[in-house]
Each structure stands twice: as structure tokens, then as C-alpha cells.
Amino acid sequence: LNNMSAAVQVHHITLTLNDIHNRESSAFTIDKQIQLGPFSNIEIPLTKYRSAIERLLSFARAIDAVVRIQHNKGTSIYVSQYTHQTRYDQSSNLVTLGGTVPEDANDIRIRAFPLSERFTTEKLVDLELGEGGWRFPANCPEGGKWFFFSGAESTASIRSSVASRAESIEVDTREAVDELHEASNHSFDNRQAVLTDLFDRMGIDFENVNWATLDLLYKGTKHLPLNALDVWKALISSNKGLVAFFLRFDSIPIAALSRAFSVNWHLIPIATWLEGFQAFHTYLAHSTSDAVAKLVLTAKIQELESSFSLISVGQIIRTNLLGEAASQEFSASGNALLVKYGLSGTILGGVGQSGLLHQTKEKFPIYLSQEILTAFGRLPASVRNLLPDIPSNFGYIRPVAYLPIVLAYQSVCPSILPVADWDSHKVIQLIDFDTDYFNQILNLIQSYCWSTLANQPTPTL
């Protein structure tokens, strides 16, 4: 960018999701501003916007989506998740690439595995480069569906796809499956439904063979966009599955899943967290001592608190499942007067506090205004009355101000508010506007609701 004038220039960079599978994708945007001083220039590497690009792609329905980066509503470039389109021809048994193929095609590695069998690394095969493209090896079993993709060390990133190596494959219509690979012949919508149901059942069964399969699948394909495989799309639709995944896997795949789909862990009900931790304790008790099991659970609670700022959820699990004494701050959260005082200072400001009301760093987002205001109006009076009155001329801050309160309440009473139906991209943008405010208020109100509202679940170890 160049500024040849004597005045400061403001440049606008707009990132927009383009997804042919979602007509509303153009509404998924992230705007950036760059101030350029007089008679100056600047080079901006694409890596500066990597997190924004990944965030937009996380809302795509397929890996064909791209992100358009546009300067001042003019010049645009497009960022894709792969470098070459692919095509499989059953008659020739060949995979071919679209676009310009690098001269040294030997450095392009294409791998595949059968979708209709339980995944193991032994079932991975390397396609052989020959005349016209890449061919499945002669010793590779015929028939079925095969998922092919770029190898981790490949010089080109191809579009992952499915090769149907049979004349016809009958569509499976079973309403339930017991293993992940059994959903391969369902239609897409039915496949998502049966896989989500399977993850719901796996959520309290940590010895289920599918967890080991999922671990191997992640390790074998972790260099790919996770949305290349339908199994991950189904996992994020299951709260029970997500909790079990968090408990069963380490921080690297958890972070990868969170980035790939912008998983909002705050939407998971507290009862589901408690149920998952209790089932995990039972699983650990079969293979180790109570002392070791408690150490593992404590480490996972600490990860929950540090990775997702779910401090109140961690405190609830500690007190309800581990029998630990509540912290002084958590105990005080049941006092309405203290909570009300804290909210007033955080929102309106006070001695030593500027408050959300005086946030001036950027324009407040007003996404989901009607939905959030309606949901807030349905909260119990005991919760609504905790908030200070927001002056009418500052009404634009209400979506940001009310969102953590609504989400905190629904995590305790999940059947009351339809927040799961809200546009996840807009929810994330409201959270990202001031994450410190969001986390502080969500934990405070979550603790208050858990301490004061009736019908709270109380499982024990």
C-alpha cells in the first residue's frame, strides 16, 4: 500500500467468505483498517490475516470455499485451502489434477484409504504416478468408496475427494450405526444424523472402539483441513461427543478442532460437562488408582479453565464431582447484591473502571440484536434485575452486554432459549469484540445461576 499524499490515509481490507454451498456466505465478513502516514508505504504479508482467514473458512460447509481479500472495494485476491482440483475416472482408474501441474510431479504424493472399513494406518495406500495421472495400485482391493488426499510431504495440496470404485453403491438407510465407517454409504444428511447419534452414545463410553479409530484418523490426516472429512462435522454437532473428545484427546487436536469449526465451548450445558467428567472418572477408575484418576481429572479441569476461560464450569466440576471446597469468589457469586455491584462497574464503569459503556476502540457490533433482546427478556427477573439500566442512547451496546448473560443462563437451563439456532459467525464476532468482558460476565452469571436456580443436576463420584 502506498500513500503519496501529505495526509493520513485509512485503507480498508475486507475479508469475505465465498462458499458455493451456502448462498448466505457473503454475509460472513471481517473488516480491517490500516492507517498509512503521509508519503509512506507498507507491505502486508498474507500471514497477517491468517487467523481471520481461518476463522471465515471455519464457517464454510465444504473445502471448496475461498476467502476473498479486497482492498478499498477494489482489487481482490482469493485464498483457497488447496492448489489443485481433482477428478477420479473409474474407467481408467486414474486421479487427475486440474490447473497447471508442477513439472516434477513425482513430488506430489496422493494417498487413499477405504471409507467402508475401520480406519487403520495399514490400510493407507499410495497412488502410483503414471501416464495421464495417479493410479490406484494393482494390489489395492477393488470396489467401494475410497477417500484420496495429499500426503503430508506432498509439494502440492490437492482437493481431497472420494473415488467410487464400483459400478454402483447402494445408499444405506439405517437409522443407527455402531462404527464410524458404517456411515460411509449414507446420503450426506443421513450420514451426519447417524454419526451425531453415534457420538452422543460415545460421549459416556470412553472404551468405545471408535475413539481409537478417531485418534488414528486424526493422526493420519491432521495436515488436511478437518472439514474435508464428514466425521468431524458430525462431532461438533454432538455436545456429549465434544465433551468426551475434550477429555479423551490432548490439547493439539482440541485446538485444531476449535479453529477448524470455531467451536463455541460456552454453548455446552453444564450438566453435559458433569456427565462427561463423571463417565471419564468411571473409565479411569477401571485402569488406574483413584489418586491418579483425580490427577488426570484435575489436569483436564485446568485445561478447561485455561483454554476456554470456563472458570465457573471448572469450579462446578471441582465442587460437585471432586468434593473440593468452593473458592471464595465462587461462593460470593450467589450473593445478588455483590453480583449486581460487579456488573454495574463492569458495564457502566466506576472508580478505576472505564466500563463497557465507555469502550471506544472500535464500533460496537449489533448482530443478533432482536434475538438477544428477546432472549434476555425471557430470563427470570432475578437474573435480569442484576443488570444496571443501560441509557437509551447507549442501546447499541446491548447485544455485546447481554450475550454472556444469555449464554450463561442457557448453560444452566439449556431447554429455555434457542441460542443453538443463532448464526454462529455473528455470535463469535460479538464475543471477539471484547473477550475479557465476555468471559468475566459469563463466568459470574453462570456461577450465580448455578448457585441460585432450582433443579440443578448433582451427580457425584
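Helices and strands, in what follows, are DSSP runs numbered from the N terminus. With that convention, Phe 28 falls in the loop between strand 2, residues 9–18, and strand 3, residues 29–36. The structure under discussion today is a predicted model.

Let me stay with Phe 28 for a moment. Its relative accessible area is 8%, and because buried means under 20%, Phe 28 counts as buried.

I turn now to the overall architecture. The protein chain contains 16 helices and 14 strands. Its radius of gyration is 25 Å, close to the 23 Å that the globule rule gives for 461 residues, so the chain is as compact as a globular protein of that length. Along the principal axes, the C-alpha atoms fill a box of roughly 75 × 70 × 35 Å. Of the 461 residues, 49% are buried.

Helix 14 covers residues 398–412, and its 15 residues reach 22 Å from the first C-alpha to the last, close to the 21 Å expected at 1.5 Å a residue. Helix 16, residues 435–452, includes Ser 451. That serine is partly exposed, with a relative accessible area of 36%. The C-alpha atom of Ser 451 is separated by 7.6 Å from that of Ser 333, a residue 118 positions away along the chain.

The largest pocket has a volume of about 1200 Å³. It is lined by 34 residues, and those closest to its centre are Ile 236, Ser 237, Phe 261, Ala 420 and Ser 424. Which helices each supply at least two residues of this lining? They are helix 2 (188–202), helix 5 (239–248) and helix 15 (424–433). Helix 15 gives the largest share, three residues. In terms of class, the lining comprises 19 nonpolar, 10 polar and five charged residues.

The search finds one cavity of 30 Å³ or more, and the largest cavity has a volume of about 50 Å³. Its lining consists of Ile 63, Gln 81, Tyr 82, Ser 150, Ser 157, Ile 158, Ser 160, Leu 224, Pro 225 and Ala 228. Six of these lining residues are nonpolar, four are polar, and none is charged.

I close with the cysteines. A disulfide is a covalent bond between the sulfur atoms of two cysteines. How many disulfides does a search of the whole structure find? The search returns zero. Cys 413, for instance, is in no disulfide: the nearest cysteine sulfur belongs to Cys 449 and lies 6.9 Å away, whereas a disulfide requires a pair of sulfur atoms within 2.5 Å. Cys 413 has a relative accessible area of 17% and is therefore buried, the limit being under 20%. Cys 140, at 4% relative accessibility, counts as buried by the criterion of under 20%.

How values were computed: Residues are numbered from 1 along each chain as its sequence is written. This is a predicted model: local features need pLDDT of at least 70, side-chain atom pairs count only at pLDDT 80 or more; totals for chains, interfaces and linings use all residues. Side-chain values use heavy atoms; hydrogens and water are left out. On a 1 Å grid over the protein atoms alone, a cavity is a set of points where a 1.4 Å probe fits but cannot get out, and a pocket is an open set with protein on both sides within 12 Å along at least five of seven lines; lining residues have an atom within 4 Å of a point. Grid points are joined across faces, edges and corners, and a volume is the space filled by probe spheres set on the points. Helices (H or I, at least four residues) and strands (E, at least two) are DSSP runs, numbered from the N terminus. Ala, Val, Leu, Ile, Met, Phe, Trp, Tyr, Cys and Pro count as nonpolar, Asp, Glu, Lys and Arg as charged, and the others, Gly among them, as polar. Buried means under 20% relative accessible area, exposed over 50%, partly exposed in between (1.4 Å probe, protein chains only). The expected span of a helix is 1.5 Å times one less than its number of residues. The radius of gyration is taken over C-alpha atoms; the globule rule is 2.2 Å times the number of residues to the power 0.38.
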